[in-house]
Structures are given as C-alpha cells and as structure tokens.
Amino acid sequence: LDIQIQNNYYITFLYSYYNITMATEKTFTETMKVTGENLLDTVKRLLHEGNVRKIQIVDKNGKNVFDF
C-alpha cells in the first residue's frame, strides 16, 4: 500500500454508543481532518476505542483512499 502521507486527509468514522440506563443504541458519524503524519495514530486511537464500526479515509481531492 503506497500512500503519500504528506497531504491532509479526512477520516470519516461511524461509531455506536449504547446507553445502559435507557437500553438504547445510537449511531453517529463524524469527520475529522488530519495531517499525514497523524493519520496512522488517529486510526489506531479510533480502533482502540472499540466502538468504531467503519473508517473511511479520503484525500483532499475527495478520492477514497481506504475504506474498512
């Protein structure tokens, strides 16, 4: 996988939050802009949180770089 990490990327991630007291689950989508050198650390942090269901990485031109 050859990704140029000098650029800015947008990470869109889908995650769920379960409210124990109300026994409900809500799903949220967020997008954040990260620099190339922070890309791997950000993905690792999101995966470590454990509630992320989908991660999509898009370059500054809107091209989908990675989707998992």
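Begin by selecting E49 and R45: E49 forms a salt bridge with R45, and their closest N and O atoms are 3.1 Å apart. A salt bridge here is a side-chain nitrogen of Lys or Arg within 4 Å of a carboxyl oxygen of Asp or Glu. Side chains of opposite charge can pair when their charged atoms come close. By this rule the count comes to one salt bridge. The model on display is predicted, so local features need pLDDT of at least 70 and side-chain atom pairs count only at pLDDT 80 or more, while totals for chains, interfaces and linings use all residues. Residues are numbered from 1 along each chain as its sequence is written, and side-chain values use heavy atoms, with hydrogens and water left out.

Remain with this pair for a moment. Both E49 and R45 lie in helix α1, four residues apart, which is about one turn of the helix. E49 is partly exposed, with a relative accessible area of 45%, and R45 is partly exposed at 41%. On this scale, buried means under 20% relative accessible area, exposed means over 50%, and partly exposed lies in between (1.4 Å probe, protein chains only).

Next, display the whole chain as a cartoon. The protein has one helix and four strands, and from the N terminus on its elements run β-β-α-β-β. Helices (H or I, at least four residues) and strands (E, at least two) are DSSP runs, numbered from the N terminus. Of the 68 residues in the protein, 24% are buried.

Now select T42, which is in helix α1 (residues 36-49). Is T42 buried or exposed? At 9% relative accessibility, T42 counts as buried. Leaving aside its neighbours within four places in sequence, T42 is in contact with I11, M32 and V34; contact means heavy atoms within 4.5 Å.

Select Y9, I11, F13, Y15, V34, L39, V43, L46, V52, I55 and I57, the 11 residues of the largest nonpolar core. Such a core is a set of buried Ala, Val, Leu, Ile, Met, Phe, Trp, Tyr and Cys residues joined through side-chain atoms within 4.5 Å. At least two residues of this core come from each of β1 (8-19), α1 and β3 (52-59). β1 gives the most to this core, with four residues. To follow one member, centre on L39: apart from residues up to four places away in sequence, L39 touches Y9, I11, V34 and I57.

The next stop is T27, in strand β2 (residues 24-35). T27 counts as partly exposed, at 44% relative accessibility. Not counting residues up to four places away in sequence, T27 touches L14, Y15, S16 and R53.

Finally, switch to a surface view. The protein exposes about 5,100 Å², and carbon and sulfur atoms supply 51% of it; accessible areas come from the Shrake-Rupley method with a 1.4 Å probe, and for residues only the protein chains shown count as cover. Select L47, F66 and F68, which make a nonpolar surface patch of about 260 Å². Patches are made of residues with over 30% relative accessible area and no salt bridge, with like charges joined within 9 Å and nonpolar side chains (Val, Leu, Ile, Met, Phe, Trp, Tyr) within 5 Å. End on F68, in the segment after β4 (64-67). F68 is partly exposed, with a relative accessible area of 37%.
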